[in-house]
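Here is a short briefing for a reader new to this structure. Look over the sequence and the model first, then read on.

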Amino acid sequence: MTPLLACETADAEILWHIAREAPELRRWLVANPHADALLLEYVAQSGGPGVNEAFEVFFESAEHKE
């Protein structure tokens with residue numbers, strides 16, 4: 001399991017495995033375009049190192065797209 005895998009995989013099973021079992025990689029799931037709302041909600045509620053900061057960057061970048 002690597003940050004690159006967390007950012008790029010489209011495999012929902014792997015995404016959920018990372019979300020449940022690898023808290024140190026959860027922040028990278030926020031950057032994955034294949035992560036759905038349910039997965040991101042789980043990540044937000046579960047937390048982990050850098051998760052809050054990752055969501056801050058995500059929401060900030062979304063604001064700039066509007």
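Predicted model: local features only at pLDDT ≥ 70, side-chain atom pairs only at ≥ 80, totals over all residues.

Residues are numbered from 1 along each chain as its sequence is written, and side-chain values use heavy atoms, with hydrogens and water left out.

**The nonpolar core**
- The largest nonpolar core has 16 residues. Such a core is a set of buried Ala, Val, Leu, Ile, Met, Phe, Trp, Tyr and Cys residues joined through side-chain atoms within 4.5 Å.
- Ile18, Ala19, Leu29, Val30, Leu39, Val43 and Phe55 touch the most other members.
- Helices α2 (12–21), α4 (37–46) and α5 each supply at least two residues of this core. Helices here are DSSP runs (H or I, at least four residues), numbered from the N terminus.
- The biggest share comes from α2, with four residues.

**Buried residues**
- Val51 belongs to helix α5. Val51 counts as buried because its relative accessible area is 1%. The cut-offs are under 20% for buried, over 50% for exposed, and partly exposed in between (1.4 Å probe, protein chains only).
- Val51 and Val30 are 21 residues apart along the chain, and their C-alpha atoms are separated by 7.9 Å.
- Ala6 sits in helix α1 (residues 3–8). With a relative accessible area of 0%, Ala6 is buried.
- From Ala6 to Ala35, 29 residues apart along the chain, the C-alpha separation is 9.4 Å.

**A loop residue**
- Pro49 is in the loop between α4 and α5. Its relative accessible area is 42%, so Pro49 is partly exposed.
- The C-alpha atoms of Pro49 and Arg27 are separated by 7.1 Å, with the two residues 22 apart along the chain.

**The surface of helix α5**
- Glu53, Glu56, Glu60 and Glu63 form a patch of negative charge on the surface. Patch members have over 30% relative accessible area and no salt bridge, and like charges are joined within 9 Å. A salt bridge is a side-chain nitrogen of Lys or Arg within 4 Å of a carboxyl oxygen of Asp or Glu.
- Glu56 lies in helix α5 (residues 51–65). Glu56 counts as exposed because its relative accessibility is 54%.
- His64 is also found in helix α5. At a relative accessible area of 64%, His64 is exposed.
- His64 and Ile18 are 46 residues apart along the chain, and 29 Å separates their C-alpha atoms.

Notes:
Patch = residues over 30% accessible without salt bridge, like charges linked within 9 Å, V, L, I, M, F, W, Y side chains within 5 Å. Areas by Shrake-Rupley, 256 points an atom, 1.4 Å probe, with all protein chains shown as cover. Lys, Arg positive; Asp, Glu negative; His and termini not counted. Charge placed at Lys NZ, Arg CZ, Asp CG, Glu CD.
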